[in-house]
Amino acid sequence: MFIIKHKKIFIGISATLVLISLISLFTFGLHVGIDFKGGALVEVVYNDTRPAQTDLKQPIEDLGFGSVLVQPTGDLGYIIKTKDLTDAEHKSLLEILAQGNPDALTELSFNSIGPSVGHELARKAILAIILVVLVIICFIAFAFRKVSRPVSSWKYGLIAITALMHDVIIPVGIFVALSRFYGAELDTLFVVAILTILGLSVSDTIVIFDRIRENLRSQSSAGKFNFSEIVGKSLEQSFVRSISTALTVILVLLALFFFGPSTTRYFALMMTTGMFFGTYSSIFLASPLLVLAEEWQNKE
Amino acid sequence: MLVFMRKNIILAIIILILGAGVAFFVYKTEPGLNKNFDNQSAFFKKFPFRLGLDLSGGSHLIYKADLSAVASGEVKDSMDALRDVIERRVNFFGVSEPVVQVQHSSAISGAGEQLIVDLPGVTDVKQAIEMIGQTPVLEFKTENPDAVDQIAKASVDASGVVSSADVKDLPSPFISSELTGRYLKRAVLEFDQNTREPKVGLQFDETGTKLFAQITKDNIGKQVAIYLDGAPISAPVVREEIPNGQAQISGNFTPAEAKLLVGRLNSGALPVPISLLSTQTIGATLGASAVHAGVKAAIIGFILVVLFLILWYRLPGLVASVALLIFIAIILALFKLMPVTLTAAGIAGFIISIGIAVDANVLIFARIKEELASGKNVSDAIHQGFSRAWLSIRDSNISSFITAIILFWFGTSLIKGFALTLGMGVIVSLFSAITVTRIFLYALGFTGEGKVIKFLFGSGISK
């Protein structure tokens, strides 16, 4: 099988992508959204013409809200980001934006989150991630409890988890780029995307491992036994199906990305990359790693 | 074999009729799809989609309750009373379908007791906050014996001169009693018969009457202070025990002020003070465009999946597409009946579930193809395909379902919406992709081994 033969190349590609993602994550970091750190976000749209960004910036800064971000959006709109605002502060900000004519603009949305609410949500998000990872590890351990020869079941589990980390780290790397160039922020949906990728991509790896297990059973009873051949054969049998199941999800995600609401756009993109690399890893990473593990085992 | 087939044909017809019925229900209950929606029977009007605030527009407010004065055993009661009061207030202002809910503190959330108020359609956040109210917190306080002593001591130490700075350091002259606005039955506007001065008359409920009787009995000849929103408004001297639960506040009110206070007290004095933690307001136009985009994405996503299924899996793909239609009808009907509050994230969850719903079909069809390749006839291959694919289907759905449950358990309303639609999708898809598809394929009754049939059950670019 082609993939097994050139396994080191494919493992290398994955390792490189993961490395690039991690380096960019630690170099550039992520913008944390107001969901988690608290703050306010006001989106307004002007009816006819919008005032110049520079004309708004100074008066807003004079309000004394600390650091303020004024971003143009669409043709006539602005998004203003500040610390969390009280009712009165919100009112005075709108007065500045209206520039003496309250009818000139419409406030599309206002979102102010106190720092304590943000921290609470961050806590919850971290707990949810830990719990999902723990449950998935239990699930993998359960799924492979009966496999033992020639590669022991904990190695299957370890490889499945390695593939899973790969599936999550690469979308995070993509998100770092989105964050850097398009101002995407780490928000609740980012966490939802990561958790959903974890749930969806682990199943693909497990389905392929299932097939390997099934072939091992029928082959070992027949007497002949070449592990890398069996893995290759299992891959051949299942990679079309594996791509098909991912493809249906990727198709709807692309529809969501191109046509769906703007609020879920980055979410759809992250999920798409997650699904793509989730499938890539179960074919080009997890199975080659399995063969590699068996080869090392034989050397010892 | 013939009996088996006939049974499946009948089942298939029943499923088709039921599926069409469910789809008809979804169609008839949707105002946007029926021209004279207003003229049809009341039954169909009862089940619109329930849209979350981010889609319908509205305000989402989170309040923190200050429970420092409440005994830990009474926290739940106080929060429930607070919710009831806020609910009454909001309803009084005519907001349609407001949601007021208590979020209790727990080891998981970490934060204190919170009150979450959702006001659909209210996009003016100032109006919304005012609606919740400059909340009157009514308290009755009795003289603080320590304070009296200390004031006496302070006077001696300072040789008869008490400076104002010293007074500030002294303990409050009054201490809280158990009696608060929580035990108020109603308030009425009264006028003093002699001075014509407006007064606010209070009538306590049963518990309040007992508490008030006790307080007045214990404090004959002393002051009892009435605090509103933390400030003393009057501190009458008690002349005798008042057993009937009636009290009066006189505090230099103008008639208009007194009337306003009565209104606020009657709509419910808050049992505990609250402070606003966060606000979120979404304009109606932004929500409407998100709904439009979500529907468009769902339709295009569905068409792409159907095209893929039919082009790649041919006849089974077509059958799976019909099953997918039934899946969508059932899910949408469930959204209406439960009802599920749909958010942008919830729509995303639903759209993703369309893609996941056919996963089981893909696993089954891949198996059928393998069985055909190994030389079995079509009928046997279908049977084997379904039974052999089950383990993989189970494994691949368990992990997504577990993730959905955890997301739901921990989530804020946004995550919950996503987790709920995704989790429902996973469960319903097991029925549509396995049971429905199987019955349809059996009912079609392919037994032969002709070239046409082999082609119809083939897949991809193979012949």
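Predicted model: local features only at pLDDT ≥ 70, side-chain atom pairs only at ≥ 80, totals over all residues.
Let's begin with helix 6 of chain A, which covers residues 115-143. Its 29 residues reach 42 Å from the first C-alpha to the last, close to the 42 Å expected at 1.5 Å a residue. Quite a few of its residues are buried: A:V117, A:G118, A:E120, A:L121, A:K124 and A:A125, then A:A128, A:V132, A:I136, A:F139, A:I140 and A:A143. Note that the buried set includes A:E120 and A:K124. Keep helix 6 in mind, as we'll meet it again.

Next, look at how two other helices of chain A pack. Helix 2 (residues 7-28) and helix 10 (residues 265-299) have axes that come within 9 Å and cross at roughly 120 degrees. The crossing is left-handed. On the helix 2 side, the residues involved are A:K7, A:F10, A:I11 and A:S14. They meet A:S281, A:F284, A:L285, A:P288, A:L289, A:V291 and A:L292 of helix 10. Sort the residues of this contact by class and you get eight nonpolar, two polar and one charged.

Now step out to the contact between the chains. Chain A and chain B each put in 59 residues. On the chain A side, the elements that give two or more residues are helix 5 (87-98), strand 4 (105-113), helix 6, helix 8 (188-222), helix 9 (227-259) and helix 10. So which of them gives the most? That's helix 6 of chain A, with 14 residues. By class, the chain A side has 33 nonpolar, 17 polar and nine charged residues.

Finally, chain B has a couple of backbone details to check. Most residues other than glycine have a negative phi, and most peptide bonds are trans. B:R314 is not a glycine, yet its phi is positive, at about 55 degrees. This residue is found in helix 10 of chain B. Is B:R314 buried, exposed or partly exposed? It counts as partly exposed, because it has 17 C-beta neighbours inside 10 Å, and a buried residue would need 20 or more. The other detail is the peptide bond from B:M338 to B:P339, which is cis, with omega near -20 degrees. B:P339 sits in the loop between helix 10 (284-337) and strand 13 (341-342) of chain B.

Notes
Residues numbered from 1 in each chain as written. Chains lettered and ligands numbered in written order. Helix = DSSP H or I, 4+ residues; strand = E, 2+ residues; numbered from the N terminus. Expected span 1.5 Å × (residues − 1). Buried ≥ 20, exposed ≤ 12 C-beta atoms within 10 Å, placed from the backbone. Axes fitted to C-alpha atoms, helices over the stretch in contact; angles between N-to-C directions. Left-handed = near helix turned anticlockwise from the far one by under 90°. Contact = placed C-beta atoms within 7 Å. Nonpolar A, V, L, I, M, F, W, Y, C, P; charged D, E, K, R; others polar.
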